[in-house]
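Reader: Hi! I'm new to this one, could you walk me through it?
Author: Happy to, just ask away.

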Amino acid sequence: MPHISEYTPVWLSQPNPGYDLFTPAAKAPNYPSLSQNGHGKKAAKPGPLRTIAKRGTEVFIGVGKEIRWADLVYLKEAYEDGQKRSKETSRTGGRETSQYEDDHAQGYRTIKTPVADDIRQLIISPNESLLAILTSHTVHIAVLPDPSHLTAADKGPLRLKTFQLGPTSHVTTQSGIASALWHPLGVNGSCLVTVTEEAVVRVWELSKADRRSFDKSTLAIDLKKLADGTSTEQDFGASVSGRNTGFSPDSFDMEVAAACFSNRVSGGWSPMTLWIAMKQGDIYALCPLLPSKWSPPPALIPSLSVSIVAKNATIEDDIEVSEHAKQLVQQQLLWMSELDNQEPLLVESPFSDSSTEVYTRPSKPGHVPKLQGPFELDLPVTDEEEDESDVLLTDIYTIGPKLDGEELMLGEEEDLEVEDEQDNGLSLAVICLLSRNGRLTVCLDLDGIEAQWLPSSKSRTPRFAKHVEPPSLLTFDVLDTVKKDEYSEDNWPVFSEDFNSRYMFYVTDAFRITYVSLFWVFRLEEELKGANHGSEFRIENLARGDKSFRQRVYTQKLSDQSSPFTASALIRDPDLGHFLLTATPTAPVALKFDDPQVEIGFRRSRSQTYSSEPEEPLVFHVPRPVYQPPQTFKAASALQPLKEKLEHSKYKRLLKEEVRLSPATLSIMNDAHAVLSDETHRLGSAAAELFRRCQQLQDELRSQIQKANEVAKMVDKVTGDDCDVLPEDDGPSQGANKVIELRIRKAQETQASITARLEKVRKSMSKGPPRELSNKEKDWAKQVDDYASKLLGSESLHVNSATDRQPWQRFEEVQTLTDELVGRAKDLLEAEETAGSGVEEGANIQVPSEIRKAKLSQIMALLERETALVEGAKSRLERLRLD
């Protein structure tokens, strides 16, 4: 989330040169009554406004029909140096020389252009050597100068080497230009793609050494013809200028709003896919759209080759796959096989020491791809109160899928060099759409865009195959960046990329700037990649909950809403910081953010019970936008031009005569009244705004004083100045040092008193007589000794009486008796057996058998009893040991 630390800095405000970069030359207002034939200047057609282009810290600003060029770092350092020298001069009275003297250009120049209308867009090439200058109908390509011209001795305007693109194609008599894009796969950034409002796509391969490359495009495609095409042999070129084409429903449904490519480092077919958004809401795609010579990144061709071969092996013998899908794969194989048979040409880059591989566009299946679309998507339902023109699309922004380098090089010994940005993000393409009412629609391409061509006329496969389901996009999120009461008719929102991540961008409309972050893509990618138990439930919750983050970072005040914003430009530099720059036709608007700590990737949220201490320092200063006086105070009055016009008109004699009631006098009065009423109204509104700003300034000053008072109290609390103590003799208050020394002295005295009391108690305890043990304590000690002797088997413990036998003594005695009785019983049994058999015939003692049986039964009962006692004693001993 961006946090604004500073609004428009001083070196971009009046009266510094940084402010003059964005302000046009002063001129009198143009009223309809003062124009020729009673008609004013034609109002500008609504469309995208991108008049700021950047090259590092250098900016190119389109102001009217000219370009202002400056180095922001130089302007900032020149201002700081001027402030430093002014302070030294006021202190010492001398003046030192500096490199920022007025004897050379001071970091900014004016560039004259050959355009005939106001500049609408400035688009710099990827290698930052060419600049596309767009008006509503024309395109000029300028060769950018060396930065040394910013500090050259010559301060006059520059005239660059420029080429008009398409002198017969992009002219005022033809369709207006909707988008101009530098192809991401062009050789050294020299391929430009233009898309007109009448859905004509042209590919220009530019060369500064060949002027003819600016006159005719290498590839021209009329999307209206291509939508009805049936074979690759048909002519899909643009119509000849001046030919009457007649009415077609496509002229309304296929009116282009914007077009875009994905990033060069995207995966799959995305870098060569042109997405086109129509004003009525339809989305189309051209894939692959390539120049005749193109330079792919190192991982693009291997990834496409692996995916095509794998897909062909999967569906080749599958009878359930349609013939259309198999024909599509065969076309891709044919295209890739021709590409694999080429030997790439190594071309050295003029701006680096490295060389790039250049391939030739395959000729088969064809140069012109199939027009895919319109894509089925669920756009948000419009309210009945909204006009149909309010929901027209204005811009499109696509984020290609990431390139999975690990999966691509699975089983290979060498690792493919993949940039961090390539291997991070979502494995699906994200398409963002903007409408005129500020509604942002975020869609996902679940099927994935692939290269497609029309069938050949010589192909055996029937051209009109079975019905094929149209491609679709999943509407994942819908956001409103403009409230209903803030909408205006001239609103045309556009996207501006952020350098922190592909999934962060800014939406700039006529009077507002909104930051949007698609942080949910990382969580969604983790769920899609894991595919474990519960993923479907979590994805459903993710789709239903709050997904994208938006934050309004700037809103233009109501008094200045006659001057719309241009598209924002993001700059990151050690000297400038995180910098956002936009402008109105009269003044710049800059926002400086805190240095972002961006961690690209999925991060699980902490538990709600976890509370971390804030790491950010306290903010004592709240930044506020710099007040800029309305331009009405500086505008020249139109009364003098009106008087000069009357002096050269047929009513000039009335200026020297008395005022008489006549139609001519009434006409003059009406013109003067129109001028005066408009000027007085604007002056009154500006004066009212100035009065409100003065009141607001008073409130802000009170707030600043209160904030400074709070800070002073916090400082006094830290230093101790807030707790001055009066002495007992009612003398003067004591300072912070005295108070601290007094508190330390009291703490030392308290500590000494507590130590003395503790020593006194210890001595009294040591001198007192010993206290006798109570009966319970004696019994407890005896019990402890008994258990110690039983468990440890100590023989040192004395037994008080002979009858107090221990359990193990009783156990040994019982075992001895048991052995003795068992032996006697055996002897008796043997004697009984001998008597019964008549062996001992001479025995004189005769015992009856009943007595013997009774005695034996008694003995056996005693034995069983003793055995039970032994077992019980044994079990108790075991329990004692366990305890």
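Reader: Which side chain does Glu-450 meet in a salt bridge?
Author: Glu-450 pairs with Lys-311, at 2.7 Å from N to O. A salt bridge here is a side-chain nitrogen of Lys or Arg within 4 Å of a carboxyl oxygen of Asp or Glu. Glu-450 sits in the loop between strand S24 (439-445) and strand S25 (474-480) and Lys-311 in helix H5, so the pair ties together parts 139 residues apart in sequence.

Reader: Before we go on, what kind of model is this?
Author: It is a predicted model, where local features need pLDDT of at least 70 and side-chain atom pairs count only at pLDDT 80 or more, while totals for chains, interfaces and linings use all residues. Residues are numbered from 1 along each chain as its sequence is written, and side-chain values use heavy atoms, with hydrogens and water left out.

Reader: Thanks! Is Glu-450 buried, partly exposed or exposed?
Author: Glu-450 counts as partly exposed, at 22% relative accessibility. Lys-311 is partly exposed too, with 27%. Buried means under 20% relative accessible area, exposed over 50%, and partly exposed in between (1.4 Å probe, protein chains only).

Reader: What does helix H5 look like?
Author: H5 covers residues 300-315, which makes 16 residues, and spans 23 Å from its first C-alpha to its last, close to the 22 Å expected. That expected span is 1.5 Å times one less than the number of residues. Helices (H or I, at least four residues) and strands (E, at least two) are DSSP runs, numbered from the N terminus.

Reader: And which residues of H5 are buried?
Author: They are Leu-300, Ile-301, Ser-303, Leu-304, Ile-308, Asn-312 and Ile-315. These residues cover an arc of only 160° around the axis, which puts them on the same side of H5; the arc is that of the directions from the helix axis to the C-beta atoms. On the other side of H5, Ala-313 and Thr-314 are exposed.

Reader: Back to salt bridges, how many are there?
Author: The count comes to 20. One of them joins Asp-395 and Arg-50, at 2.9 Å from N to O. Asp-395 lies in strand S22 (residues 393-399) and Arg-50 in the loop between H1 and strand S2 (52-55), so this pair ties together parts 345 residues apart in sequence. Asp-395 counts as buried, at 5% relative accessibility.

Reader: Which residues are linked in a network of salt bridges?
Author: That network links Glu-486, Asp-509, Arg-512 and Arg-552.

Reader: New topic: where is Thr-8?
Author: Thr-8 lies in the loop between strand S1 (4-6) and helix H1 (17-20), and counts as buried at 12% relative accessibility. Leaving aside neighbours within four places in sequence, Thr-8 is in contact (heavy atoms within 4.5 Å) with Ser-13, Pro-588, Val-589, Ala-590 and Val-626.

Reader: Last one: how many helices and strands does the protein chain have?
Author: The protein chain has 15 helices and 32 strands. Of its 883 residues, 38% count as buried.
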